[in-house]
Amino acid sequence: MKKILLISRCPPVPLHLGDRLIIWHLARELSRRGYTIDLLALYDRADDPTLQDRYAAFFRHVELIPEAPRAPLKLLRRLIDPAARFTRRAEASFCPPLWRSAASYLARFDYDLVHCFGAVSVYDLQPLFAHMPSVITPYESHTLYLQSAARQGDLQARLRQPIARRFEGFMFSPYDRTVVISEADRAMLLSLQPALRVDVIPNGIELERFQARHSGRDEATLLFVGNYDYAPNQDAARLLVERILPEVRAASPAAKLQLVGVNPTEWMRALAEDHIEVTGPAPDVAPYLARATVFVCPLRIGAGLKNKVLEALAMGTPVVATPLSMDGIHARNGESAIVAPVDAIAQETLRLLKDEALRKRLSLNGRELIETQYSWEKTATSYETLYDEICRLRLS
């Protein structure tokens, strides 16, 4: 039986926030397999402490610590002084309360391994457990994310990119292994630190919740799902409304668009009309995926693996998406999904609306892809294998 101290930049819920999804599912799967897990997590939402009952059963102990703003001087010092990058004092860390809690747990309990989820907010705890096997999962490369945003004219992203590159060039080096969720993120981290030991373990899908629906779909409904607090999802929604939907409706006037998800902006709410529906929060996105004719994902900004695309494929919803939207998803173009540049998304969507046989092929193959490669059980097994390998190497 493995005993793990899990230190995270966020709690495991709510699940519509993608960085929390993996913690919830991994902890659930590992606890079912007999693992003992203690959780130390930062939080930044007022209701986070009230939601612990949703995941308490997965852990022996849970401690939530409010996340404080990182001091700019500490950030600057780590950029220019290599000796300051990994401190051995609580007060010099980015989050002294988290440091002290981690030190306390490590003193009170025996662990086989420490697993950190996050990057800047948690990486500097490593000196506390340098003598132990350790894994860090930063989810994705922030440099890669900023690179995509800068390409779309985001000046702030362009200015922040050199800082992210510097941090990602040293943050993960002391860990036995770094885990990301797509090959694109792995490639970026290795370009910044070639000696880094990086594995790719993708997210999974709840196969029992997202059941494939191959019939009973609307005639011409385009669907996009997202948390609209997230700038890349806002950008995709604007593309759908201003460029893609008008081109589709010019050839297929019955086409309509559904924008589903939490935190729609004011300009999104103002769009609502006969052929555009902005739903706001949805208790369950599965019914929308079950009825949509096509899931359209025109993301131009981002990194990592897109859970929304996995969910659409699992439901058998035909997918049209940009290459960035498909990072980390081993879909065959024209067989499991249609992958096209932004400028071709509207025409590819029209092609799907007119071709029932193509929609059926994508639906069947998309579901098969998820069943064979993207279950949470498979994700947990990959982590188990990694844990065993790291612990074995430490003992040898």
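Student: Leaving aside its neighbours within four places in sequence, which residues is serine 121 in contact with?
Tutor: This is a predicted model, in which local features need pLDDT of at least 70 and side-chain atom pairs count only at pLDDT 80 or more, while totals for chains, interfaces and linings use all residues. Residues are numbered from 1 along each chain as its sequence is written, and side-chain values use heavy atoms, with hydrogens and water left out. Serine 121 sits in the loop between strand 4 (113-117) and strand 5, where helices (H or I, at least four residues) and strands (E, at least two) are DSSP runs numbered from the N terminus. With contact taken as heavy atoms within 4.5 Å, and leaving aside neighbours within four places in sequence, the partners of serine 121 are Arg9, Leu42, Glu67, Arg70 and Leu98.

Student: Is serine 121 buried or exposed?
Tutor: The classes rest on relative accessible area: buried means under 20%, exposed over 50%, and partly exposed in between, with a 1.4 Å probe and protein chains only. Serine 121 has a relative accessible area of 9%, and therefore counts as buried.

Student: Where is the cis peptide bond that involves proline 14?
Tutor: Most residues other than glycine have a negative phi, and most peptide bonds are trans. Proline 14 belongs to the loop between strand 1 (3-8) and helix 1 (18-32). With omega at about 0 degrees, the cis bond is the one joining valine 13 and proline 14.

Student: What is the relative accessible area of tyrosine 139, which has a positive phi?
Tutor: Tyrosine 139 is not a glycine, and yet its phi is positive, at about 70 degrees. Its place is in strand 5 (residues 134-139). Tyrosine 139 is classed as buried because its relative accessible area is 5%.

Student: What is the phi of asparagine 263?
Tutor: Asparagine 263 lies in the loop between strand 9 (256-260) and helix 8 (266-269), and its 34% relative accessibility makes it partly exposed. Although asparagine 263 is not a glycine, its phi is positive, at about 60 degrees.

Student: How many salt bridges does the structure hold?
Tutor: A salt bridge is counted where a side-chain nitrogen of Lys or Arg is within 4 Å of a carboxyl oxygen of Asp or Glu. One of them pairs arginine 45 with aspartate 47, at 3.5 Å from N to O. The structure holds 28.

Student: How many residues apart in sequence are the parts tied together by arginine 291 and aspartate 218?
Tutor: The side chains of arginine 291 and aspartate 218 form a salt bridge, with N to O at 2.9 Å. Arginine 291 lies in helix 9 (residues 286-291), whereas aspartate 218 lies in the loop between strand 7 (198-200) and strand 8 (221-225), so the parts that this pair ties together are separated in sequence by 73 residues.

Student: At what angle do the axes of helix 1 and helix 13 cross?
Tutor: Axes are lines fitted to C-alpha atoms, for helices over the stretch in contact, and angles run from 0 to 180 degrees between N-to-C directions. The axes of helix 1 and helix 13 (residues 376-395) come within 9 Å, and the angle at which they cross is roughly 75 degrees.

Student: How are helix 4 and helix 6 oriented to each other?
Tutor: Helix 4 (residues 142-151) and helix 6 (residues 183-192) have axes 8 Å apart and pack at about 105 degrees. The residues that meet are Thr143, Leu144 and Gln147 in helix 4 and Ala184, Asp185, Met188 and Leu192 in helix 6. Angles under 35 degrees count as roughly parallel, over 145 as roughly antiparallel, 65 to 115 as roughly perpendicular and the rest as oblique. The orientation of helix 4 and helix 6 is therefore roughly perpendicular.
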